[in-house]
Amino acid sequence: MQKLNRRLGFLSSLPILAVFLVAFFAPLMVVALFSVMPPKVFNLTNTPDFSAYSVFFEQGYYRSLLWSLGMALGSTAILLIVCWPLAYGMAKVFRGFTLVLTVAVVMSLFVSENIRLFGWVLTLMKGGLIEGHIRAWTGIGFDSPLYGIPIIVFGLVYVYLPFMLFPLAQGISMVPDDARQAAADLGATRWQILTQIDIPLAAPGIIVGCLLSFVLAAGAVAEAKILGGQAVITIADDIETAFTFGQDWPLGSALSVILIFIIGSLSLLGVSRVDLDRIMGRKR
Amino acid sequence: MPASRSTRIVLLVYGLVVIGLLYLPLVSVGFASVSQARYLSFPIKRYSYKWYAEVLESGTVRDLLFTSLSVALIVMILSVVIAFFGALAFARYEWRYRSIFQKLILLPIFFPQTVLGLALLMWFNALGIIPSWKTAVVAHLVWIAPISTLIVAIRAYSFDPALEEAARDLGANTPTILREITLPLLLPGLVSSGLFALLLSWGNFPLSLFTTGADSTLPEWLYAKMVSGYSPLVPTLGIMSVVTSIVLILTAFAVAWLARSIRDSHAA
Amino acid sequence: MNSDALLRLENVVKKFGRFTALHGVDLEIHEGEFFTIVGPSGSGKSTMIRLLVGMDEVSDGAIWLRDKRIDETPAHERPTCMVFQSLALFPHMSVGQNIEFPLKLRRITPGKRKARALELLDLLRLPRDYYFKRISQCSGGEQQRVALARALAFEPEILFFDEPLSALDYRLRKTLEKELKDLHHRTGKTFVYITHSLEEAMVMSDRIAIMKDGRFEQIAVADEIYSQPVSRFVAEFMGEVNLFEVTSTGGLLSGSGLEVDPDVARTDLPEGEKGLLMVRPEYVRFGDGTDGFEYTISGRLLEEYALGSRIQYEVETAGGRIVTVEKLREDRATSESGSDVTLGFDAANTHLIVEN
């Protein structure tokens with residue numbers, strides 16, 4: 001049975017690995033190769049140089065990267081605070097409402113993110129759903145909060161909420177009620193229960209949630225473009241521009257490699273600390 | 001430690017506010033889609049369905065829907081097949097590289113989709129493949145198949161491996177076990193993973209943007225119109241896309257409910 | 001191949017990486033026997049049954065079924081069948097479909113399949129209309145019977161049981177133990193049962209094997225294991241026991257503060273050899289030193305515990321050794337805690353364990 005299991009495990013991993021090989025690892029190789037090509041070439045037959053990487057520092061692309069990472073960090077921190085009570089409710093307090101909340105949040109994921117962000121534009125713009133109605137009723141209008149950095153962070157929080165909420169709820173549901181009860185019996189305050197019991201025991205969920213939201217937010221484009229009106233350029237936006245308007249594939253590739261490197265090492269670091277079997281509910 | 005009544009109520013209200021905020025933008029889009037004015041401004045003065053009529057008559061829109069739906073359906077079918085086996089490798093079988101495999105599966109989910117789309121574009125270019133909606137299927141698959149795998153894996157974790165061992169003990173070989181035991185038991189997971197795959201592909205924009213070539217999916221077209229200035233067709237089509245998703249979800253729930261009630265009436 | 005055993009293990013070894021779960025085990029099980037393997041968790045009994053059914057491969061040695069070597073045969077090709085600890089009933093099939101599963105795999109026609117399934121429901125004393133029930137609609141005991149029916153439908157040469165009763169409550173377990181023994185009589189099949197509960201083993205089995213650390217400590221009929229254990233482990237595993245370290249001196253066993261009547265309690269143990277003198281608590285009596293017991297020991301009564309129909313006493317003797325005495329409730333002793341008592345027992349009720 002062990003031998004059979006080993007063989008079946010290997011065989012059944014093959015379809016998805018084949019997809020990965022053809023459409024994930026191979027393209028990444030191409031990106032890596034293009035990143036060491038001289039500027040503005042469209043094939044890989046040139047002599048490698050590292051000029052594209054020096055452009056990253058010389059032409060201020062690192063600023064986009066720092067903006068992206070900074071906003072990702074900010075939105076992740078806000079998400080953690082915003083989602084914690086809700087995740088706690090889903091895992092420990094609500095009964096039927098957990099299902100309602102889950103379905104509602106998951107369904108929102110199926111709507112293209114640019115339609116939802118566009119909806120925020122219609123809601124928040126001058127003459128939009130909120131300002132328009134308030135002005136019509138009270139006669140007092142106000143400036144739109146659109147096109148700034150706070151609204152981009154808001155957009156990131158909005159779009160990536162499910163990616164923080166669900167892992168967090170899963171993590172908190174792994175905290176045994178007995179442990180909280182026992183801590184309370186032993187005289188722990190609410191704050192002590194949170195810091196001594198909940199957070200350490202829910203750590204896998206917290207790690208996965210923070211990792212997912214940070215990494216996805218760091219690679220985001222649409223929030224800054226649609227809500228931010230390009231108040232800041234994100235690194236993913238720079239990459240896109242390099243490939244499209246800039247027609248400089250090596251530059252785009254080099255920027256991609258830098259972003260992939262940061263995201264990849266963070267992901268690997270975080271994921272290697274988590275027992276996936278446990279967080280996904282293996283019984284044995 | 002049961003939460004107090006007031007905690008429960010506060011959290012419940014908070015949850016409702018979050019749901020409200022989640023859907024508030026769609027409310028705006030919904031209103032915009034029935035505003036008669038070409039240039040939107042709230043409060044809406046005159047309502048009309050004329051944009052819907054225009055959308056339905058438009059040949060472009062029909063093409064967009066057809067492309068989006070073809071991609072989504074093919075992605076769904078392939079994802080479910082891949083996820084069935086992938087989930088067994090992820091959750092069920094003990095094999096040597098299982099924990100590496102598990103982490104590998106997560107990589108594309110963590111990956112920025114824009115970059116993935118561009119990388120695929122270069123790869124197709126290097127291979128001499130001209131991008132079309134078919135290449136978009138491949139792109140969607142890289143991101144969606146792992147998600148489907150995780151969904152099926154959750155189901156695979158919840159069933160007792162002794163069931164497969166028992167079937168083998170009673171004389172079933174591997175194909176029979178897969179057909180008679182594993183497949184029926186994973187079926188609910190496969191259905192929901194299929195639904196996820198269909199809807200995620202239907203709504204995907206960043207991957208489609210760079211990999212559809214001359215073809216265009218609905219989210220792509222909407223994005224193009226959004227950035228090039230307001231068009232009253234954007235909210236209209238947006239709402240139609242959302243409604244399609246809802247119809248698909250409801251259909252899936254109805255089918256699942258029907259299947260269960262038929263099964264129960266047989267068993268009773 | 002000169003044995004008439006149905007199942008025979010020859011020097012079976014099982015290793016998991018560096019850990020050895022079974023150290024070269026030999027065993028013979030005979031046709032029609034109810035054979036139970038008992039051991040604490042980690043003793044290797046679960047590994048043993050997985051090898052016997054074919055869910056794991058042996059690392060070394062051989063398993064024979066009659067004159068066919070089967071240790072290389074995969075589970076689905078072995079003519080044996082197991083009732084799982086979790087029962088492993090297929091939740092997506094009805095009771096009938098579960099029972100018919102092995103028959104369906106053999107391409108037996110639906111009509112015959114159903115007839116056989118109904119027969120088996122009768123045999124297991126389940127109502128025939130359970131045929132259409134869902135597994136989730138059956139109680140724990142009913143599920144147990146369905147699992148048995150499914151295993152019997154396979155018509156196995158040997159039926160294995162992997163602690164199938166461990167999850168049930170006490171009363172139901174007692175009922176099913178008796179039913180299982182009865183079923184064994186009625187079917188005449190060979191049953192091989194794994195459990196950690198000695199009580200369960202004693203009620204049902206013809207023979208019992210005691211396992212420890214991947215080896216068999218003793219294989220014998222239940223009575224023999226109880227009254228003549230081969231080691232301290234078996235003696236203690238089989239319930240309350242008093243063990244006295246003794247040495248053979250001048251043809252007598254002495255030590256641990258025991259006083260021996262030299263006229264009757266002679267021993268064959270060679271001079272100077274050490275052993276453990278075992279006496280079960282029910283054979284130890286309170287006396288006044290004039291009752292003529294072959295062995296006597298004095299001490300102080302510590303505590304009295306009521307065990308339902310029996311009463312148990314703890315007596316502290318010289319050197320802090322605790323001796324346990326058991327009496328029927330009707331013979332309850334009158335001594336008070338803290339009082340000095342004399343205990344006695346006869347050599348006929350003792351057993352000498354010589355461990356090497």
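Me: Domain bounds come from an automatic or database domain assignment. Which domains does that assignment give for chain C?

Reply: Chain C is assigned domain 1 (7-233) and domain 2 (240-353). Before we go on, note that this is a predicted model, where local features need pLDDT of at least 70, side-chain atom pairs count only at pLDDT 80 or more, and totals for chains, interfaces and linings use all residues. Residues are numbered from 1 along each chain as its sequence is written, while chains are lettered from A and ligands numbered from 1 in the order in which they are written.

Me: How many residues does each domain of chain C give to the contact?

Reply: Two residues are in contact if their C-beta atoms, placed from the backbone, lie within 7 Å. Here domain 1 of chain C contributes 6 residues and domain 2 of chain C contributes 5 residues. The side of domain 1 that touches domain 2 in chain C has 2 nonpolar, 3 polar and 1 charged residues (Ala, Val, Leu, Ile, Met, Phe, Trp, Tyr, Cys and Pro count as nonpolar, Asp, Glu, Lys and Arg as charged, and the others, Gly among them, as polar). The centres of the two domains of chain C, taken over C-alpha atoms, are 40 Å apart.

Me: Where does C:Ala235 lie?

Reply: C:Ala235 is part of helix 8 (residues 232-237) of chain C. Helices (H or I, at least four residues) and strands (E, at least two) are DSSP runs, numbered from the N terminus.

Me: Is C:Ala235 buried or exposed?

Reply: A residue is buried if 20 or more other C-beta atoms lie within 10 Å of its own, exposed if 12 or fewer, and partly exposed in between, with C-beta atoms placed from the backbone. C:Ala235 has 24 other C-beta atoms within 10 Å, so C:Ala235 is buried. Setting aside neighbours within four places in sequence, C:Ala235 is in contact with C:Pro229, C:Val241, C:Leu243, C:Met278 and C:Ile353. The pair C:Ala235 and C:Ile353 is 118 residues apart in sequence, yet 9.1 Å apart in space, C-alpha to C-alpha.

Me: How many residues of helix 2 of chain C are buried?

Reply: In helix 2 (residues 95-105) of chain C, 9 of the 11 residues are buried, among them C:Val95, C:Phe101 and C:Leu103. The cover over the buried residues of helix 2 includes helix 3 (110-123) and helix 4 (140-153) of chain C. Just after helix 2 of chain C, C:Arg107 has a positive phi of about 60°.

Me: What is the order of the strands in the sheet of chain C?

Reply: Strands of a sheet pair through backbone hydrogen bonds, either parallel or antiparallel. Two strands count as paired if DSSP finds at least two bridges between them. In chain C, 6 strands make an open sheet in the order 6-7-8-3-9-10, with mixed pairing. Strand 6 (80-83) and strand 10 (215-221) of chain C are at the edges with a single partner strand each, so one side of each has no neighbour in the sheet. Further in, strand 7 (residues 158-162) and strand 8 (residues 190-195) of chain C run parallel and are joined by 5 bridges. C:Phe160 stands opposite C:Val192 in strand 8 of chain C.

Me: How do helix 3 and helix 12 of chain A cross?

Reply: Two packed helices are described by the angle between their axes and the distance between the axes. Axes are lines fitted to C-alpha atoms, for helices over the stretch in contact, and angles run from 0 to 180 degrees between N-to-C directions. The axes of helix 3 (residues 61-93) and helix 12 (residues 235-243) of chain A come within 7 Å and cross at roughly 140°. That makes helix 3 of chain A oblique to helix 12 of chain A (angles under 35 degrees count as roughly parallel, over 145 as roughly antiparallel, 65 to 115 as roughly perpendicular and the rest as oblique). On the helix 3 side, A:Tyr61, A:Ser64, A:Leu65 and A:Ser68 meet A:Ile235, A:Ala236 and A:Asp238 of helix 12 in chain A.

Me: How many helices and strands are there in chain B?

Reply: Chain B has 11 helices and 0 strands. Of its 268 residues, 51% count as buried.

Me: And how many residues of chain B are in contact with chain A?

Reply: On each side there are 76 residues: 76 of chain B in contact with 76 of chain A. Helix 1 of chain B gives the most to the chain B side, with 17 residues. By class, that side of chain B has 57 nonpolar, 14 polar and 5 charged residues.
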